Amino acid sequence: IVTLCRMPKCSESIPQWKLMCVAHWAMVPKAIQRRVFGTLTAYKERGTSVSQQQYLNAVADAVQTAQVAMDKKARATSAT
């Protein structure tokens, strides 16, 4: 199953199990990437205390961080 990158205005097709396209995921710091994977893995395992909300918070942080990086890049491009 294929879906679109979760970033606004991105039309890149990605496998459903991915959060973002490669370009946008590269904008997310490794620590947040690890948090997304860690909370998802822990949430899927039975008997852990990680909630769906913790995973969704990690996803929101990843999307927000990528958006900030995109905005910075756009401002730098328009300033030149």
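This is a dialogue on how to read a predicted protein model.

Reader: Which pattern does the protein follow when read along the sequence?

Author: The order of the elements is β-β-α-α-α. In total, the secondary structure consists of three helices and two strands.

Reader: How may the extent of the protein be described, and what share of the residues is buried?

Author: Taken along the principal axes, the box filled by the C-alpha atoms is roughly 55 × 25 × 15 Å. Of the 80 residues in the protein, 25% are buried. The accessible surface comes to about 5,800 Å², and carbon and sulfur atoms account for 57% of that surface.

Reader: How does one look for a pocket, and what volume has the largest pocket here?

Author: The general idea is that a probe the size of a water molecule, rolled over the atoms, shows where empty space is left. In this model, the volume of the largest pocket is about 300 Å³. Helices α1 (22-25) and α2 (30-44) are the elements that each give two or more residues to its lining.

Reader: How many residues line the largest pocket, and which lie nearest its centre?

Author: The lining has 14 residues, and those nearest the centre are W17, K18, L19, M20 and F37. Helix α2 supplies the largest share of the lining, namely four residues.

Reader: How do the residues of this lining divide into nonpolar, polar and charged?

Author: The lining of the largest pocket holds 10 nonpolar residues, one polar residue and three charged residues.

Reader: How many aromatic pairs does the structure hold, and how is the geometry of a pair read?

Author: The structure holds one aromatic pair. One reads the distance between the ring centres and the angle between the ring planes: for W25 and F37 these are 5.7 Å and 70°, and the pair is edge-to-face. The angle decides the class, because planes over 60 degrees apart count as edge-to-face. This pair links distant parts of the chain, with W25 in helix α1 and F37 in helix α2, 12 residues apart.

Terms used: Residues numbered from 1 in each chain as written. Predicted model: local features only at pLDDT ≥ 70, side-chain atom pairs only at ≥ 80, totals over all residues. Heavy atoms only, no water. 1 Å grid on protein atoms, 1.4 Å probe; cavity = no way out; pocket = protein on both sides within 12 Å on 5 of 7 lines; lining within 4 Å. Points joined across faces, edges and corners; volume = space filled by probe spheres on them. Nonpolar A, V, L, I, M, F, W, Y, C, P; charged D, E, K, R; others polar. Phe/Tyr/Trp six-rings, centres within 6.5 Å; stacked < 30°, edge-to-face > 60°. Buried < 20%, exposed > 50% of the residue type's maximum accessible area, 1.4 Å probe, protein only. Areas by Shrake-Rupley, 256 points an atom, 1.4 Å probe, with all protein chains shown as cover.
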